[in-house]
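Here is a short briefing to read alongside the model. Have the sequence and the fold open as you go.

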Amino acid sequence: MAPSIRLSPAARSLFDEPLAIAVQGLGPRQQVTLRTSLRDETGQLFQASAHYQAGDDGELDLARCPALPGGSFSGLEPMGLLWALQPQKPFWRLVKRDVQSPFLLQLEVFEGHGERPGRLLAQAQHERAFLRDGMRRVPVREGRIRATLFLPPGEDTFPGIIDIHGLGGGLSEHRASLLANHGFATLALAYYQFEDLPQKPNKLHLEYFEEAVNYMLQHPQVKGPGVGLLGFSKGGEVSLAMAAFLKNIMAVASLNSPVAVTLIPLSYKDKTIPTLTFYEHKAKATNSKILDYSDVLDDPFQAPGNQSLIPLEKAEAQFLFVVGQDDCVIKSEYYATEACKLLQAQGKKNFQILSYPGTGHCIDPPFFPLYHTGGHPAFHKPAVLGGELRAYSKAQVHAWSQIQAFFKKYL
């Protein structure tokens, strides 16, 4: 019997779902190297490999067989060949622009554990999709809003969530589409550098985001009375400000975000919150000459930084702060901890913190590759973003399930 790869689900799975991988038809205790490859939409290659030994029966099930030292990872890691994918090009991030088409994953089994791959024994392909069957993707151009709404199948009403990404502009749909598969009406909202939105805003107006909240609440398939917000980095900062100033915000999950206004001032009606001061000269060079920017911002909990602090005590919403302890872009754990102390001092209990060791600035849904070093969102220079492969892979899976549970509870 020739070796073959057995996958479950066989042909297609959602990107945030586990994939069971096994090889059958090997020789007893045969040594093999497994390799996964994936090309992004620009053609850039991501790869991972691991060394394994088949059982006495010639079977190799990644859920039961640990990877041996020498590959991208070792130990019992059934999903290691997915979370360990790394770009061949330095500082490259896996991005999904067109969520209507899947990524194509290639799996190969090679003979032996040599430096160079041995003879090819088996191969398979698998689609990693962003929308399950029946999901609807609706481009939204209502008033000033530029967004995409993802709706689960059926005519029911669903809890509504607005997903706001970090600096970088444009419209990012990968997280909103994956979240909608779990039963949420999710709006991926652009706020600059997209279509006719401002290219380089000198101020962010909360009225624009208020329009998005009202759009969601008027939608026949969004279950009121309020909405949830999921924001990453600058998007988390905007989400926290929305909760402080706008009505009908029930729950905010903030991923590694400042709790003060940064880079672009924020205004609502006649109030403007100024930005924290940046001190670029405080960036530290690492051994690899790449800069660590974690100390360049004023402390918002000390004057003169505190006029930039978002008045979270005004919010009625529930807060979930998701923070990486190795975030090298902002001190997200410190920010979340200090902000919650202030809330506690006001007698509030509407917050929780999920803090993850070995996790850097970029917290994506499960199985996105670790983006440890890349362009700094503000300075556009190569920067340490933080994180460690195995710890981050665990944090992704845990945080993603906790975010869904949080929204199910409060929406």
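Y268 stands opposite K271 in β18. Do keep in mind that this is a predicted model, where local features need pLDDT of at least 70, side-chain atom pairs count only at pLDDT 80 or more, and totals for chains, interfaces and linings use all residues. Residues are numbered from 1 along each chain as its sequence is written, and side-chain values use heavy atoms, leaving out hydrogens and water. Helices (H or I, at least four residues) and strands (E, at least two) are DSSP runs, numbered from the N terminus.

**The sheet**
- Three strands form an open sheet in the order β14-β17-β18, with mixed pairing; strands pair if DSSP finds at least two bridges between them.
- Its edge strands, β14 (204–205) and β18 (271–273), each pair on one side only.
- β17 (residues 266–268) and β18 pair in the antiparallel sense over three bridges.
- Across β14 and β17 lies helix α3 (residues 206–218), at about 65° to β17; axes are lines fitted to C-alpha atoms, for helices over the stretch in contact, and angles run from 0 to 180 degrees between N-to-C directions.

**Helix α4**
- The 12 residues of α4 (residues 234–245) should span 16 Å at 1.5 Å a residue, and the end C-alpha atoms are 17 Å apart, which agrees; the expected span is 1.5 Å times one less than the number of residues.
- In α4, 12 of the 12 residues are buried, so the helix is largely enclosed by the rest of the structure. Buried means under 20% relative accessible area, exposed over 50%, partly exposed in between (1.4 Å probe, protein chains only).

**Q404**
- Q404 lies in helix α6 (residues 389–410) and is buried, with a relative accessible area of 9%.
- Not counting residues up to four places away in sequence, Q404 touches L179, H182 and F184, where contact means heavy atoms within 4.5 Å.
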